[in-house]
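Colleague: I have a model open and I'd like to learn how to read its features one at a time. Can you walk me through it?

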Amino acid sequence: MDWTVFGWAGIQLEIPTTWELSGLSGDQKTGYLRLDDGDMPRLELKWAHTRRKKPDLHATLDEYFKLIRKTYKRKGTELSFRRDVNLIKEEEFFEGRNVLGFSWKGDIRANGLIFHVGKRITIVQVMGRLKENWRPTVLRIFQSIVDRSDAPRTLWSAYGLKLGVPKEYKLERQKLLSGYLLFVFVAKRVRFQSALRLAKLVHDRVRKTNSSGGNTDFTPPDVGRLSVERYGPAEMMLGDYKDASNPLEAWFRVKYAKAIRGYGFEVTSHIDADDERLTLVGEQTRFYDGVPFSPVLILDKLSKRTAFVFHIWRCNRSNRIYVIQSIGSDNGAPTVQKVVESIKCH
């Protein structure tokens, strides 16, 4: 059996490579996910924020057992439950966290752990058939699970894609389809509100004196956005651009025409045997560019222009296209580069 490291919301664990996401809800603070192997549900993971320093894990388990009973009551399945089940004997596993083990059996059987680390309670449950020798699988998963909420980077995994994102970026939304994956992250930054109000006032006054086109939106520079997309197969995506001098760039300019409108940018490209890459670095254009009078200069000093970085990457061996984008008031190039380096395309 082949294994891989799976990560979500700061939780990491090893799983068989045949298990994949089949259910997902909630957010990075409180949520749920399920992994299936194509035949049956194999793993459930729940996490929730808590303000208690020593939460009552037995009470949490009581509520969890209620959910299981409710689910299987509709099927008429008889269930039996056990708590304080200790499959793991290594003392170092329990260091720094409060752990409670449990199991239950019906038409399938399951083993689980509830553990508290920092400000989070996590429940992991592994399921198997009644006559299946799945104890080694359960032990490997349990022994590998860690909470890395405070790590510099958070691992996110789905359908063969793994990416490491700086921890200040929180998952805002995702779209997980067979030919398209999307992760959108947001990092909030604290700015001086008085400076923002003054910049907004100057911006409004300048706009009244000039009605020409351009990017006229005032974007408070307190939010940075980071998105990662994976398209496939690449040959199909680029099929309409075969006659272009650079099919990848032609596809990008059409696909992301709205996203790059109102920005000035430079494009650099790199091609080797396995990969083709484009990098776009630019910043917001403003309708008063080239107008040299002091209110405009004040606005530019107080209100940083929105900057963006795109990294477009075609992996020929995996036949996929990746688009990593950063947009915000800060230079996102270092962040984009770190995310790119974390992705293994084949």
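**Reading the model, feature by feature**

Modeller: As for the cut-offs, buried means under 20% relative accessible area, exposed over 50%, and partly exposed in between, with a 1.4 Å probe and protein chains only. Before going on, note that this is a predicted model, where local features need pLDDT of at least 70, side-chain atom pairs count only at pLDDT 80 or more, and totals for chains, interfaces and linings use all residues. Residues are numbered from 1 along each chain as its sequence is written, and side-chain values use heavy atoms, with hydrogens and water left out.

Colleague: Where does Asp-84 lie?

Modeller: Asp-84 lies in the loop between E6 and E7. Helices (H or I, at least four residues) and strands (E, at least two) are DSSP runs, numbered from the N terminus.

Colleague: And how do I read backbone angles?

Modeller: Most residues other than glycine have a negative phi, and most peptide bonds are trans. Here, Asp-84 has a positive phi of about 60° although it is not a glycine. Tyr-159 is another non-glycine residue with a positive phi, near 50°. Tyr-159 sits in the loop between E11 and E12 and counts as partly exposed at 31% relative accessibility.

Colleague: Which residues does a cis peptide bond join?

Modeller: Gly-232 and Pro-233, with omega about -10°. Pro-233 is in the loop between E15 and H4.

Colleague: Next, helices. Which residues of H1 are buried?

Modeller: The general idea is that an α-helix has 3.6 residues a turn, so residues three or four places apart point the same way. In H1, the buried residues are Leu-57, Leu-61, Tyr-64, Phe-65, Ile-68 and Tyr-72. They cover an arc of only 105° around the axis, which puts them on the same side of H1; the arc is that of the directions from the helix axis to the C-beta atoms. On the other side of H1, Lys-70 and Lys-73 are exposed.

Colleague: What covers the buried residues of H1?

Modeller: The cover includes strands E5 (41-49), E6 (80-83), E7 (98-105), E8 (109-117) and E9 (120-128). You can follow one case through Leu-100, which is in strand E7 and counts as buried at 4% relative accessibility. Not counting residues up to four places away in sequence, Leu-100 touches Leu-57, His-58, Leu-61, Asp-84, Gly-112, Leu-113 and Ile-114; contact means heavy atoms within 4.5 Å. Leu-100 and His-58 are 42 residues apart along the chain, with their C-alpha atoms separated by 7.7 Å.

Colleague: Which residues of H5 are buried?

Modeller: In helix H5 (residues 247-255), they are Leu-248, Trp-251 and Phe-252. Seen down the axis of H5, its buried residues fall within an arc of 100°, so they line one face of the helix. Among the elements they pack against are strand E15 (223-231), helix H4 (234-237) and helix H6 (257-260).

Colleague: Last one: how much space lies in the largest pocket?

Modeller: A pocket is an open set of points on a 1 Å grid over the protein atoms alone, where a 1.4 Å probe fits, with protein on both sides within 12 Å along at least five of seven lines; lining residues have an atom within 4 Å of a point. The largest pocket holds about 530 Å³, a volume being the space filled by probe spheres set on the points, which are joined across faces, edges and corners. The lining has 19 residues, and nearest the centre are Arg-120, Asp-147, Arg-148, Ser-149 and Asp-150.
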